[in-house]
Amino acid sequence: YYARSPPLSAQDNDGWRPREHVAFLFSEDDEEFHNLIRNHMVMPFILGDFFPGHGAEVAGGKYFALVKPNADGAPIPNAGGASVDADVRGIVIGSTWRRCGSKLGVDESSLDVADYLLGQYDNFLQFAGQKDGATRCAQIVQLLLANHVDHDASDPLVAVQLDASNAFCSVSRQPQFDVLAGKASRSYDDGRVQVGDELPRPRTLDKYWGYCLSVQGNASTMRFSDNQ
């Protein structure tokens, strides 16, 4: 993870940069030292192994604002006198050790999700993880559209693209914990899923329960800084 991180990525609260600092620590052939980093810096985030009073600090990070122009030109009112043709967005940079844990969870669970979908649907195609997967997906859709005239309107051809994104977290965290637990605590899908129903879930996420609980189950301390 650290070796593949982009150069000069944002520093976390403690000043760590994934590639320049942490990847450098793994450059020497010192397995004992590497295990100390894994066990004492990365694994506590995965297991949620922290002192209870430190939960807000663990869940927080460095918080700052970015001004991004609106792509469609629609004015968005902003407080503080910001221009109406720009969108002010809050960005949080969490601990580099925490981000490593989340990356491990995503990489591991994505294989289970792909296996589940491939086993449930014979027309499911996997593009994630492939080189230039987005282009391949677009080419497949274009091929389907090229033959659209041959399809029966009463049984239309439909292409559904599934993508996972965590650019902005959901307002409600309960669905996430329901998936982790494998059981619905409320109704979903317009009532087709009821309280107590089993939910499909990647079994590899079991080991990341502590991570999600420590990061998503606590109020967080955001450290805001501004150079103006």
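The structure is a predicted model, in which local features need pLDDT of at least 70 and side-chain atom pairs pLDDT 80 or more, while totals for chains, interfaces and linings use all residues. Residues are numbered from 1 along each chain as its sequence is written, and side-chain values use heavy atoms, without hydrogens and water.

The axes of α2 (residues 31-47) and α7 (residues 209-216) cross at roughly 85° and come within 5 Å. Helices here are DSSP runs of H or I with at least four residues, numbered from the N terminus; their axes are lines fitted to C-alpha atoms over the stretch in contact, with angles from 0 to 180 degrees between N-to-C directions. On the α2 side, Phe45, Ile46 and Leu47 meet Gly210, Tyr211 and Ser214 of α7, where contact means heavy atoms within 4.5 Å. This contact of α2 with α7 has four nonpolar, two polar and no charged residues.

Phe45 also belongs to the lining of the second largest pocket, where Phe45, Asp14, Glu57, Ser95 and Trp97 lie nearest the centre among 15 lining residues. The pocket holds about 290 Å³ of space. With four residues, α2 gives the most to this lining. By class, the lining has six nonpolar, six polar and three charged residues. A pocket is an open set of points on a 1 Å grid over the protein atoms alone, where a 1.4 Å probe fits, with protein on both sides within 12 Å along at least five of seven lines; lining residues have an atom within 4 Å of a point.

How values were computed:
Helix = DSSP H or I, 4+ residues; strand = E, 2+ residues; numbered from the N terminus. Nonpolar A, V, L, I, M, F, W, Y, C, P; charged D, E, K, R; others polar. Points joined across faces, edges and corners; volume = space filled by probe spheres on them.
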